Amino acid sequence: MKIMPNRLDRGFYKYQEEFETKAIDVLRSGWYVLGKEVDAFEKEFAAYTGAKHCIGLASGLDALWIAFRILGIGKGDEVIVQANTYIASVMGITINGATPVFVEPDEYNNIDATKIEEKITDKTKAVLVVHLYGQASNMDSIVALTKKHNLRLVEDCAQSHGACFNGQMTGTFGDIGCFSFYPSKNLGAFGDAGAIVTNNDKLAEDARIFRNYGSEKRYHNKVVGANSRLDELQAGLLRVRLRHIKELTIERQKICERYLRELNHNKIELPLLRDNATTVWHQFVIHCAKRQCLIEYLNVREIGTIIHYPIPPHLSEAYAYLGYKKGSFPITEKYADEVLSIPLYNGMTEEEQSYVINVLNEF
Ligand SMILES: *Cc1c(COP(=O)(O)O)cnc(C)c1O
C-alpha cells in the first residue's frame, strides 16, 4: 500500500459537488475580486473564530507582515518569536525591518512561555505566538506577560484553525490573528489565500485599506499599501470548506487519537497534549533520534513523510545576517533533527491508518 504524507485530492472529492457548483457560480458571476463571496467569507470566518472582524488577504505571509505593518512595528523594533517555526513567521517580522528575537520551544513544540521575559528589552514591541502543528500555545502566561510589559500580541494561526485555549479560539487572544488558507492547511483553499482577524475596529479598517493599494475609495490612496486581495473564487471555495470545518477537524482528531492509542515503539516519541489546550492536528509530529533510518525504512514500505522543518530560521541562509550559528538554540536544533510528520489527511482510510501504525510499530 502506497501512502503519501498528504492527499489534497481526498479533501476535494469529499465535497466535490459543492466545490464544483460554487466554482461555476463564481465563474459565471462576472465578478472576481473583492465581492460578495469575500464579504460573506469574512463574516462567516469572523463568526467562526469569535473575532469581531476578518479581512481576507492573498496569503498567510501577507497576513503576518501586514499585521506588523499596521501595528507600526518596523526598523529598530524587536519581536519575540519561537525559534522552531516555519520561516514565514520570521519573514512576517523582518519584511518590515524589525528584528526577530528567538525563544526556545517547550515540550509541546510551541514557544516556552517561561523563557520569554528574559528576552524583553526596551526595543521589544510584540510577541508573535505560533500555534505550531495545530496545538494552542500556553496563552494564560503569554497574555499575562504581554499585558505586564505593554507589548502587542500577534498570533500565527496558519496551522491552528479552530484550536482553542481554555475554550477560546486561537487568533483572538491578542491584537491580530493571522491565518493562511494555503491548500494544505486545515482550512485550505485551491490556491493561495489568507486573512487576519481582530477585535480592534481601527486595525480592521487599516488592514482593509492596506490590502487594496491603500485606498478606501477607488483612486483615493491614503497610504502606500499592497495588492493583497482575496479573490472571489478562493473565498467561495473557502466558504464551502468552512461549512464542514467541524467534521473535518473531528475526523483529524479521530485519526490522531488512534495514532496516540496504537502507536507504540520505544524509539518513537509521540506528541504531547497541553492541559486546557485543544489541537486541530495540522500535523502529527513524532520525535525520533534515529530519524534518517526511520525515513528510509518507511520509504521502502511506500510510506511518505515530511520534516517540519529541517532547517530552523536562525540557521537558514536567508537569516545569516542575524549572526547566529549552530548551537545558538540547542533545543530548536535538536527538534529540527528529530521531528517527523507522518501521513495525516482528511479522507484517510482506516486501512491506510492501520498500515501506517503497523509498519511504524515494527520499526
Ligand atoms: C503556512 C504558514 C505560513 C505562511 O502561509 P502562506 O499562506 O503559505 O503564506 C506562516 N506561518 C506558518 C506557521 C505556516 O505554517
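Visitor: Leaving aside neighbours within four places in sequence, which residues is Ile303 in contact with?

Guide: In this predicted model, Ile303 is in contact with Ile3, Leu298, Pro343, Tyr355, Val356 and Val359, once its neighbours within four places in sequence are set aside.

Visitor: And where is Ile303 found?

Guide: Ile303 belongs to the loop between α10 (291-300) and α11 (330-338).

Visitor: Is Ile303 buried or exposed there?

Guide: Ile303 is buried, because its relative accessible area is 2% and buried means under 20%.

Visitor: How many residues apart in sequence are Ile303 and Leu360, and what is the distance in space?

Guide: The two are separated by 57 residues in sequence, while their C-alpha atoms lie 9.7 Å apart in space.

Visitor: Where is Tyr32 found, then?

Guide: Tyr32 is located in the loop between α2 (16-29) and α3 (36-49). With a relative accessible area of 42%, Tyr32 is partly exposed.

Visitor: Which residues line the largest cavity?

Guide: The lining of the largest cavity consists of Tyr108, Asn109, Leu132, Tyr133, Gln135, Pro271, Leu272, Leu273, Thr279, Trp281, Gln283 and Val285.

Definitions and conventions: Residues are numbered from 1 along each chain as its sequence is written. This is a predicted model: local features need pLDDT of at least 70, side-chain atom pairs count only at pLDDT 80 or more; totals for chains, interfaces and linings use all residues. Side-chain values use heavy atoms; hydrogens and water are left out. Helices (H or I, at least four residues) and strands (E, at least two) are DSSP runs, numbered from the N terminus. Buried means under 20% relative accessible area, exposed over 50%, partly exposed in between (1.4 Å probe, protein chains only). Contact means heavy atoms within 4.5 Å. On a 1 Å grid over the protein atoms alone, a cavity is a set of points where a 1.4 Å probe fits but cannot get out, and a pocket is an open set with protein on both sides within 12 Å along at least five of seven lines; lining residues have an atom within 4 Å of a point.
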